[in-house]
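Try each task on your own, then follow the solution step by step.

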Amino acid sequence: MCGIVGYIGEKQALPIIIDALKRLEYRGYDSAGVAVLVDGSVEIIKTAGKIRALEELLSSRSISTTMGVGHTRWATHGEPSTANAHPHCDCSGRVAIAHNGIIENYLSLREELQAKGHRFTSETDTEVIAHLVEENLRDGNLESALRSAIRRLQGSYAIVAMNQEEPERLLVARKDSPLVIGLSEGANFVASDIPAVLPYTRRVYILEDEDIGIVTREGITLSNEGGDPVSREEFAVTWDAEEAEKGGYEHFMLKEIHEIPRAIRDTMRTRVTDDNRLNLEEIKLSEEEIRSLDRIFIIACGTAYYAGCVGKSIFERLLRIPVEVDIASEFRYRNPIFSENSLAIIISQSGETADTIAAMREARRGGVKALGIVNAIGSSIYREADCIIPTWAGPEICVASTKAYTSQLIALYLIALHFAQVRGRLSVEEVACLLAEMKHLPEQVQRIFDREDKIAALAEQEELKQCRDFFFLGRGLDYSASLEGALKLKEISYIHSEAAAAGELKHGPLALITKGMPVMAICVQQELRGKMLSNIKEVAARGAHIIGLVKESDSETEKAVAEVIRIPENDELFMPVLTIIPTYLLTYYLSKALGREIDQPRNLAKSVTVE
Ligand code: F6R
């Protein structure tokens with residue numbers, strides 16, 4: 001998400017840090033800052049907005065320094081603002097910290113530190129690290145202070161720290177958030193991503209979890225959290241800068257699909273405790289308000305709308321209250337009927353989609369509270385909605401949404417379970433069982449990745465490469481996943497693709513099924529399996545080339561299809577998170593085989609800010 005850069009060497013540090021930060025701009029960010037040593041004191045210069053704004057601030061100064069830390073922030077805790085931009089410092093201003101990741105227990109740490117007299121100047125989780133270090137810096141040793149501080153942290157972090165009393169070193173630490181050290185003659189670098197350092201060096205150490213490092217001009221010392229020395233193999237980067245931005249993947253789409261397990265974990269993190277209890281205090285709806293809800297509207301566009309289609313089934317199943325799911329551009333002109341106790345759930349990756357914003361305003365004008373599920377912190381929907389559940393997918397670069405969709409599903413599940421618990425439809429124990437199942441999802445997505453070669457090989461089949469039309473079939477939740485699968489395929493491969501509710505086939509779409517036409521049949525809902533099997537046979541009888549997405553234990557459906565992709569089993573509520581993965585991978589490999597512009601499909605933009 002955010003970008004970190006550190007430099008210690010013989011040259012002027014600021015131009016190098018700014019240049020390296022610019023190389024991380026592709027990841028998206030909303031503010032930027034640097035911490036440098038000027039005349040023996042730490043000085044932090046930071047601003048909301050782009051690196052250009054930071055450069056303007058710096059241009060009025062003539063700072064000479066050979067060591068510093070830079071950061072670009074993608075807001076998580078607290079809106080994009082100068083105060084929330086990194087680096088952050090302790091009360092004394094001696095220590096500067098840049099951090100990527102999420103500190104889950106920051107609120108309790110903040111309270112504890114405030115009680116001890118520490119003064120906070122931002123809303124960020126990161127700032128607790130600076131004050132924790134200060135608390136432990138009594139003997140003046142940054143390494144031991146950082147070591148003590150990170151023992152108190154729960155969550156993920158890549159940290160770069162500097163202390164004005166130790167002008168010859170940068171301290172680094174990582175857990176569940178990437179950090180690399182770039183090695184060169186007379187200078188060393190730290191970065192959250194390899195592209196930042198590529199113009200300066202191709203020799204890097206990729207840090208592992210719990211590594212702590214001291215980076216000086218002359219060298220690197222690495223140890224584990226216990227203080228024992230560790231060594232990491234030097235890695236020679238052979239990719240060019242563009243490839244490196246994609247983390248070694250050929251396209252952002254594939255990289256972002258592979259980030260889905262991490263995005264699911266992050267979206268659940270802090271909201272699901274170790275003993276599977278829900279913690280959704282961030283929904284600022286009182287229990288009374290949740291209990292009195294009598295209607296829910298889910299409103300969004302495109303992929304976010306299809307996440308909403310899954311949401312409708314889940315909310316209706318778990319809450320037994322009516323849910324209407326609307327395309328935002330339709331909602332805003334259809335004069336919807338609100339009840340006194342309606343809630344509007346607004347879903348958007350960018351938080352800037354014009355129709356979705358207008359629909360949200362329409363609902364709020366009707367007296368309905370808006371709960372936003374938004375990926376871009378600080379966006380219009382984030383700011384205007386009455387309450388927000390952020391998805392922690394991280395910046396999505398590919399125009400087509402993938403990891404944002406699965407994170408939106410996770411947010412919808414968490415909200416639905418929370419509401420069901422508050423309304424007494426599920427006990428705390430029942431919710432805990434479902435959350436325990438949800439926690440398997442990242443590892444199960446990973447298991448589907450293990451079948452990626454097979455999916456890539458399918459995409460090379462002539463039936464698929466030559467086809468003009470492609471059908472997706474499903475019932476119930478499988479139909480909702482089909483809708484998203486069909487959108488993705490048409491968007492990137494330019495193959496005409498449609499999703500049909502399998503029960504509707506005989507009412508029209510069956511007329512289009514011809515010999516050899518590819519059909520992806522999603523069939524993982526036990527109750528509907530018999531019906532779905534009949535539909536599969538109907539299209540098979542017309543010569544369709546059927547790819548079945550079936551549960552690992554379902555040998556019967558497997559026999560009825562030409563190709564099978566097995567899906568690990570979870571509670572059926574959560575299966576759309578898994579069934580969507582092969583559709584994304586097939587779309588990717590088929591579009592690649594057809595030579596399409598995968599990350600930037602024709603005629604489409606990432607953020608649709610006009611009607
Ligand atoms: C499809 C896709 C779009 C977006 C839609 C809404 O892959 O990305 O359909 O889902 O434009 O965008 P957000 O979620 O930003 O409101």
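**Exercise 1.** Work out the strand order of the open sheet of 5 strands, and say which strands stand at its edges.

*Solution.* Step 1: going across the sheet, you meet β16-β15-β17-β18-β19, with parallel pairing. Strands here are DSSP runs (E, at least two residues; helices are H or I, at least four), numbered from the N terminus, and two of them pair if DSSP finds at least two bridges between them.
Step 1: β16 (323–327) and β19 (387–390) have a single partner strand each, so one side of each is left without a neighbour in the sheet.
Step 2: zoom in on β15 (residues 295–300), which is joined to β16 by 5 bridges; there, Ile296 stands opposite Val323.
Step 3: ignoring direction, neighbouring strands of this sheet are turned by 20 degrees against each other on average.

A quick note on the ground rules: this is a predicted model, where local features need pLDDT of at least 70, side-chain atom pairs count only at pLDDT 80 or more, and totals for chains, interfaces and linings use all residues. Residues are numbered from 1 along each chain as its sequence is written, and side-chain values use heavy atoms, with hydrogens and water left out.

**Exercise 2.** Find the strands that helix α14 lies across.

*Solution.* Step 1: locate α14 at residues 403–422.
Step 1: α14 lies across β15, β17 (342–348), β18 (369–374) and β19.
Step 2: α14 runs at about 140 degrees to β18 (axes are lines fitted to C-alpha atoms, for helices over the stretch in contact, and angles run from 0 to 180 degrees between N-to-C directions).

**Exercise 3.** How do helices α19 and α22 pack?

*Solution.* Step 1: α19 (residues 477–493) and α22 (residues 575–593) have axes 9 Å apart, at an angle of about 20 degrees.
Step 1: that makes α19 roughly parallel to α22 (angles under 35 degrees count as roughly parallel, over 145 as roughly antiparallel, 65 to 115 as roughly perpendicular and the rest as oblique).

Methods. Contact means heavy atoms within 4.5 Å.
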